[in-house]
Amino acid sequence: MKQRQNKVRKWQKIIGAILLLLAIGFFCLQMGYLFIRSSHLIDYIDHRLFYIINIACMIFLASGVFLFISTTRRLKIIGSGIVLLLIVVQLIMLFNSNNLIKSVTSLSPDRKNVLSIKENLQTTEVVYYRPHFGIIGRPEERLLSPVKGDFKVEWLANDAAAVTYQTADNNTQQFIATYGDRGGGTSYYYVGAEIHGTWQGENVQLVSDTEGISITTDGESEHFEWDDIHQFGTLAVVLEKNNEAAWTVSLDENFQVNEDTPERQNGNITLYQATMNDNEPIELTKQIE
Amino acid sequence: MKSFVLGISAFMLTLLTIISMFVYQKLDFFITSPPGFSEIDDTTVSAPGGPAADALRPVDYEASTSYSLQNDELRLTYNQGEDWVNVPIEKEQLFSGEYQGNKQELMEHSYILTEDRAAFLHAESSNQHVRSILLTYSLDQGATWETSEVTDAFPAMRFRKVDFVNDQFGYVIVSGDRTMSQEFSTVFLTHDGGETWEETNNSGVSRMIADGGFVDESTGFLSFGTIDPAEPMLYVTQNGGDSWKEAAFHIPEEYDHVFVIAETPVQEEDQLTVLVDQGPNGDYAGGFVKGKFVSEDNGETWDFLEEVDPDETASE
């Protein structure tokens, strides 16, 4: 019996030590983050992660201590109460922080890319963060602000996310976060030039030529000149009219950039309307001319 | 041991709680607009009581010498953003030609920015059609500026590169007038620090240019084939651009169609070396390994030396 108790005790100590090490790891992560965040201009991709990591650290710490060292029942109750109280405090601060910052995070369908946007609700700044080390990101671009309402996120491909939002003056805007490339990553190319030709989808036709891009939906045609077409990364262009986003055209994953012979382009493109209403991306196929 | 573990645990809990309450909960802790990152658009929609105009921020906040394109003006800093000097070029002129980026950072290779020389390649105006190409430069950290005309007429630029090999000798490589996958490219040289420029003889190649450069006043290179090439196409001049001829690559059979786009060769001791990358469709060893070639005859023929992994190529 005593041997069994000793064995249980031994395992408790091992698990306790592992939990303590995990807690110390989380603690070091938090301290390291606080120490270098200003100098390296990094931040958690979602501001709530700070509190979640704190809570995880506290749970691991309390569990580890209780398993690793022998304590009295009274001490365990007091300790658990204190940790529970501190966790509640963290949760309150987490919910309060949502009044300061709004974080929008979205995982790509293949779970390899994360979209991160933060809105400072006091200054109204909206900043797109590019993840660098998993949960850590760096601010990369500022979006038009102030923003009215929520952000609508749609992944047009595993490496391209469309963020649709409305600014305070009721203009619809679209920002495209891109994480990939269709040309091997060796050189910049122009999406507009690469999709030169006629593309057909269900009740939609897109024509890209030297004058710009024209989109015909249900018999109605809209023309966008190149000055009103803005490229994001090397994966998508946003077509604007009167300083408002109207459409996004993105390159599908099966699209292979072939700059030397763009007329023989294969693969699909996706057309996505800039609207806050529910809408689905439309897949287009190149028409043989 | 028990006291130590309890003490450390109490310390960690206390510190995490204090930081959460008194540091992380403060609004100014949430840096959503730190210095050194670009804005998607300068035309931020204004709102009553909205944020005031931003302070100038260098594009590269770690470098002592950097620039800013905020407020549609090009400014330089030589002390990490403490002081700024204006560059007498309109922002749109810097992006003239075939450019569709967000104009928040200068185009790579289109400028030189060191403590001794600031030089910016730009068009006479932002007009997309035929315009002269100018180089505006300063050798005294922006106290005085000179503008020289590289050429008086050139179609809308696509590729553009300016660099100096020494104080006096420099080169400009530009391409333009692109139609699908064909374009015109040419080289201009200066032997007087950028005051005057003369065009070299043309290489006669109309494929899209990928890179180029000179290693000394006589020897220069132009690399063609931007996307999906089958083999490297590198043209060399050994007489300062009077004539150009295609360099020969001796590619081992196992690397045939693997290493296909040449970068600009560099001088390494008494020989020239060039890295050749795999192009857009390369998937050999992950697609990022490059082939290193050496030339013993000043760039006419190139022999394979070794594979160079991505880490090494990144550091070069």
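Me: Which residues of H1(B) are buried, and what makes a residue buried?

Reply: In this predicted model, the buried residues of H1(B) are Ser9(B), Met12(B), Leu13(B), Leu16(B) and Ser20(B). A residue is called buried if 20 or more other C-beta atoms lie within 10 Å of its own, exposed if 12 or fewer, and partly exposed in between, with C-beta atoms placed from the backbone. Residues are numbered from 1 along each chain as its sequence is written, with chains lettered from A and ligands numbered from 1 in the order in which they are written. Because the model is predicted, local features need pLDDT of at least 70 and side-chain atom pairs count only at pLDDT 80 or more, while totals for chains, interfaces and linings use all residues.

Me: What makes H1(B) a helix, and how does its reach compare with the expected one?

Reply: Helices (H or I, at least four residues) and strands (E, at least two) are DSSP runs, numbered from the N terminus. H1 of chain B covers residues 2-24, which is 23 residues.

Me: What do the buried residues of H1(B) pack against?

Reply: They pack against helices of chain A: H1 (2-40), H2 (49-68) and H3 (73-97). Contact here is a matter of distance: the C-beta atoms of two residues, placed from the backbone, lie within 7 Å. From the side of H3(A), the buried residues are Val83(A), Leu86(A), Gln90(A) and Ser97(A). Their cover includes H2 and strand S2 (101-107) of chain A, together with H1 of chain B.

Me: Why is H2(A) called roughly antiparallel to H3(A)?

Reply: Their axes come within 9 Å and cross at roughly 175°. Angles under 35 degrees count as roughly parallel, over 145 as roughly antiparallel, 65 to 115 as roughly perpendicular and the rest as oblique, so this pair is roughly antiparallel. The axes are lines fitted to C-alpha atoms, for helices over the stretch in contact, and angles run from 0 to 180 degrees between N-to-C directions. Residues making the contact include Tyr51(A), Met58(A) and Phe66(A) of H2(A), and Lys76(A), Val83(A) and Leu94(A) of H3(A).

Me: How does the UniProt record describe chain A, and what is the fold over residues 14-36 and 77-95?

Reply: An unreviewed UniProt entry lists residues 14-36, 48-70 and 77-95 of chain A as "transmembrane region". UniProt positions are given in the numbering used here, feature names are shortened, and annotations may be inferred rather than shown by experiment. In the model, residues 14-36 are 100% helix and 0% strand, with the end C-alpha atoms 33 Å apart. Residues 77-95 are likewise 100% helix and 0% strand, with the ends 27 Å apart.

Me: What makes S7(A) and S8(A) a pair?

Reply: Two strands pair if DSSP finds at least two bridges between them. S7 (residues 160-167) and S8 of chain A have seven bridges, in the antiparallel sense. Val163(A) is bridged to Phe175(A) in S8(A), and Ala160(A) to Thr178(A). The two strands form a hairpin with four residues between them, and Asn170(A) in the turn has a positive phi of about 65°.

Me: Which strands are the edges of that sheet?

Reply: The open sheet runs S6-S7-S8 in chain A, with antiparallel pairing. S6 (147-157) and S8 (172-178) are the edge strands, each pairing on one side only. Neighbouring strands are turned by 20° against each other on average, direction ignored.

Me: Why is S8(A) described as largely enclosed?

Reply: Six of its seven residues are buried, so S8(A) is largely enclosed by the rest of the structure.

Me: How do you know whether Asn203(A), Asn298(B) and Arg9(A) are exposed or partly exposed?

Reply: Asn203(A) has 10 C-beta neighbours inside 10 Å and counts as exposed. This residue sits in the loop between S9 (197-201) and S10 (204-209) of chain A, with a positive phi of about 60° although it is not a glycine. Asn298(B) has 17 such neighbours and counts as partly exposed. Its loop lies between S21 (290-295) and S22 (301-308) of chain B, and its phi is near 65°. Arg9(A), in helix H1 of chain A, has 12 other C-beta atoms within 10 Å and is exposed.

Notes: The expected span of a helix is 1.5 Å times one less than its number of residues.
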